[in-house]
Amino acid sequence: MNQEDIDICKNIATTVFENVEKLLEGQVGNPKAGEFVKIGADGTPTSYIDIIAEEEVIKLLKDAEFESYLISEEIGELKLGKGKQESISLSEELLNNEPKSKKEREEQEKPRFIFLIDPLDGTSNAIKNIPAYGMSIAVANVPEGREATLDDVQLGFVKNYANGNFYEAIKGNGAKRNGEPMTPSSETDLTKISLGGFTKSKTLSVSKLVDTARRMRVLGSVVLELAYVASGKYDAFLDLRGSRIIDIAASKLIVEEAGAIVTDKYGEKLNSRLSIYEKAVVVSAGNPDLHNQIIKIINNDELEKIQSVAIVSRVDEYKSVLFSLKIFETLLQRNMETVIESSLAEKLEEIKEDPELHKIIAKTVNETPEIAKHIESLNFNYNFRDYAKELNELRTDMAIILGGDGTLLRTQNQLTKEIPIFGINMGTVGFLTEIEVENTFEALDAILEGEWSKEKRTQIIISHENQTFRALNEVVIMTARPAKMLHYEISVDGEVVEELRADGLIISTPSGSTAYSMSAGGPIVDPKVGAFIIVPICPYKLGVRPFVVSDGSEIRIKLLKRGKKAIFVMDGQIQKEVNYMEELVIKKSEKDVYFMRINKKYFYKKVKDKLNEGGLDSINRVL
């Protein structure tokens with residue numbers, strides 16, 4: 001943005017601030033100003049005092065000599081200027097409003113700026129005359145042929161009407177308060193910080209942060225509280241409810257230009273699209289050290305240093321077994337306490353004694369170039385049995401599992417201690433695994449340096465007669481005789497919800513929603529959702545569909561057809577038989593499964609990367 005544009009936008013912002021401040025006189029502290037008028041474009045209630053502020057903004061931009069886009073809390077998205085006002089969808093405008101010819105491009109005058117405005121942040125405070133309310137104006141460039149994002153924001157202005165402070169930032173040129181540069185906090189001791197923000201119900205991981213901080217502030221104005229991080233008044237601020245982009249667009253730039261940090265919940269860069277509907281979880285701190293500590297706490301990542309590691313691998317392929325030896329060597333060189341699952345230890349002993357060892361390695365190197373450099377020179381001079389442990393005896397800080405989802409499911413089902421699992425994909429899909437094999441040692445370095453997070457996954461407990469079984473993905477109930485349907489009764493929390501005839505039933509956790517459940521027509525469910533999915537397999541009636549129930553529910557399945565038996569299978573691993581009128585009782589397990597993650601964007605990226613093959617994308621490529 002050139003200096004002329006900067007001056008134009010700053011003059012508009014200054015005029016808006018001055019005019020709105022005059023209009024607010026007599027309204028602040030006036031209960032009538034807070035009377036409900038309508039639901040705003042962002043879905044939140046609008047009061048009279050909000051309308052006053054927004055109308056002034058619209059008037060100034062409508063009368064401007066050039067056109068601009070406006071995103072504002074109450075009225076939504078507009079195109080304004082030269083006396084005109086038009087409701088639009090900004091994304092559609094930017095993506096679909098390109099002139100078709102060169103002449104049209106030369107003749108068409110495009111809007112000059114995108115203004116994002118929160119006319120009054122802290123409305124409730126203003127109505128009650130609590131001195132924490134202000135206005136926010138951000139200005140972004142208009143991009144060519146794509147949606148606008150927070151990266152396009154070039155200018156940020158915030159006015160605190162309660163005390164007159166004026167915050168401003170120009171991208172690449174720093175941030176100021178009342179014309180003076182700001183210095184964020186350098187405090188890194190959690191016991192000394194002033195923390196501002198909003199949490200949400202059941203955010204248990206944040207309680208440690210709130211309890212540890214010296215003081216906690218909830219002022220009710222995201223715009224001002226982010227500005228306080230930039231100026232050092234706050235050491236940190238977070239909004240775990242999700243802030244609207246119009247609220248944070250200006251303050252985010254001010255924070256970053258002041259030298260402080262603002263990211264999403266996982267420490268990733270905020271670059272949401274500019275839209276009235278967009279929200280983002282915000283975590284901000286005065287310095288990187290403090291910010292990293294907060295990110296770890298709110299993601300439940302305050303983990304002890306890894307000191308002991310177990311290695312588990314599929315043993316039916318040489319590539320997995322040989323690569324596990326390389327990991328074993330690497331861990332020993334890092335002075336880590338390392339154990340090997342018993343069947344893997346036996347397989348390594350067997351290979352070590354094989355007179356064709358050099359041929360086995362050469363063949364594996366040739367067939368798996370992605371790991372070739374790691375297995376060309378391996379040290380077999382170990383007594384692997386000395387390091388061996390049965391799965392149910394493992395008590396390590398983490399378990400590295402080499403294989404596909406089947407290997408991972410078999411392993412976790414036999415663990416008797418809640419050991420965080422790190423999966424390396426040596427199978428076909430590997431949806432539950434964390435990384436592909438070629439990224440192993442980079443990931444291992446990160447883990448041993450403490451750069452990982454822990455993700456909790458729900459399991460189910462299946463009770464039948466006097467036996468109980470666990471499953472991470474699903475339990476499948478199906479006929480023991482191929483091509484024969486069974487008659488089922490399904491009840492949830494004591495209420496019969498369905499009687500049906502079908503080839504079988506799947507009761508899945510969110511983890512299993514991307515497995516058999518999905519293939520049978522069930523929905524994909526985010527693992528953070530507390531739910532179970534009940535999916536009939538090939539039901540007889542057209543109206544029978546999958547349904548989702550709370551994971552706090554008790555599900556009972558009963559066979560209603562005399563003389564017919566069924567089998568039930570847990571995670572494709574354990575198979576048992578159930579007879580007429582016997583019940584299967586399915587509940588949430590008290591024991592969870594924990595995965596080690598080094599990738600913050602895990603679930604939806606996996607869905608895109610692993611499950612698109614053979615879908616619409618593939619069809620489109622063929623066509």
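Visitor: Let's start with Arg273: what is its relative accessible area?
Guide: Keep in mind that this is a predicted model. Buried would need a value under 20% and exposed a value over 50%. Arg273 counts as partly exposed, and its relative accessible area is 29%.

Visitor: And which side chain meets Arg273 in a salt bridge?
Guide: A salt bridge here needs a side-chain nitrogen and a carboxyl oxygen within 4 Å. The N to O value for this Arg273 pair is 3.6 Å, and the partner side chain is Glu147.

Visitor: How many residues apart are Glu147 and Arg273?
Guide: Glu147 lies in the loop between strand 7 (134–140) and strand 8 (153–160). Arg273 lies in the loop between strand 15 (261–263) and strand 16 (279–285). The pair links distant parts of the chain, with a separation of 126 residues.

Visitor: How many salt bridges are there in total?
Guide: Side chains of opposite charge can pair when their charged atoms come close. With the 4 Å limit between nitrogen and oxygen, the count of salt bridges comes to 33.

Visitor: Which residue forms a salt bridge with Glu4?
Guide: The closest N and O atoms of that pair are 3.6 Å apart, and Glu4's partner is Arg112. Glu4 belongs to helix 1 (residues 3–24), while the partner is in the loop between helix 4 (102–107) and strand 6 (113–121), 108 residues apart.

Visitor: Over which ring does the charged end of Arg112 sit?
Guide: For an Arg, the CZ atom has to be within 6 Å of the ring centre. The charged end of Arg112 is 5.3 Å from the centre of its ring, which belongs to Phe66.

Visitor: How far from Glu341 is the nearest side chain of opposite charge?
Guide: Glu341 sits in strand 18 (residues 337–341). Leaving out residues up to four places away in sequence, Glu341 touches Ile311, Val312, Lys389 and Leu391. Glu341 is buried yet has no salt bridge. A salt bridge would need nitrogen and oxygen within 4 Å, but the nearest oppositely charged side chain, Arg410, is away by 9.4 Å.

Visitor: On to the rings: how many aromatic pairs are counted?
Guide: Two rings pair if their centres lie within 6.5 Å. The count of aromatic pairs comes to 13.

Visitor: Is the pair of Phe157 and Phe166 stacked or edge-to-face?
Guide: Their ring centres are 6.2 Å apart, with 10° between the planes. Both side chains are in buried residues, Phe157 at 2% relative accessible area and Phe166 at 15%. Planes under 30 degrees apart count as stacked, so the pair of Phe157 and Phe166 is stacked.

Visitor: And is the pair of Phe469 and Phe568 stacked or edge-to-face?
Guide: The centres are 5.9 Å apart, and the planes make 70°. This pair links distant parts of the chain, from strand 25 (residues 467–471) to strand 32 (residues 566–570), 99 residues apart. Phe469 is buried at 10% relative accessible area, and Phe568 is buried at 0%. Planes over 60 degrees apart get the other label, so Phe469 and Phe568 are edge-to-face.

Visitor: How many of the residues of helix 7 are buried?
Guide: Helix 7 covers residues 222–231 and is mostly covered. Glu225 and Tyr228 are among its buried residues. After helix 7 comes Gly232, with a positive phi near 90°. The buried share of helix 7 is 10 of 10.

Visitor: What percentage of the chain's residues count as buried?
Guide: The chain has 18 helices and 35 strands, and its C-alpha trace spans about 85 × 60 × 60 Å along the principal axes. Of its 623 residues, the buried ones make up 53%.

Definitions and conventions: Residues numbered from 1 in each chain as written. Predicted model: local features only at pLDDT ≥ 70, side-chain atom pairs only at ≥ 80, totals over all residues. Heavy atoms only, no water. Helix = DSSP H or I, 4+ residues; strand = E, 2+ residues; numbered from the N terminus. Buried < 20%, exposed > 50% of the residue type's maximum accessible area, 1.4 Å probe, protein only. Lys, Arg positive; Asp, Glu negative; His and termini not counted. Contact = heavy atoms within 4.5 Å. Phe/Tyr/Trp six-rings, centres within 6.5 Å; stacked < 30°, edge-to-face > 60°. Lys NZ or Arg CZ within 6 Å of the ring centre and 35° of its normal.
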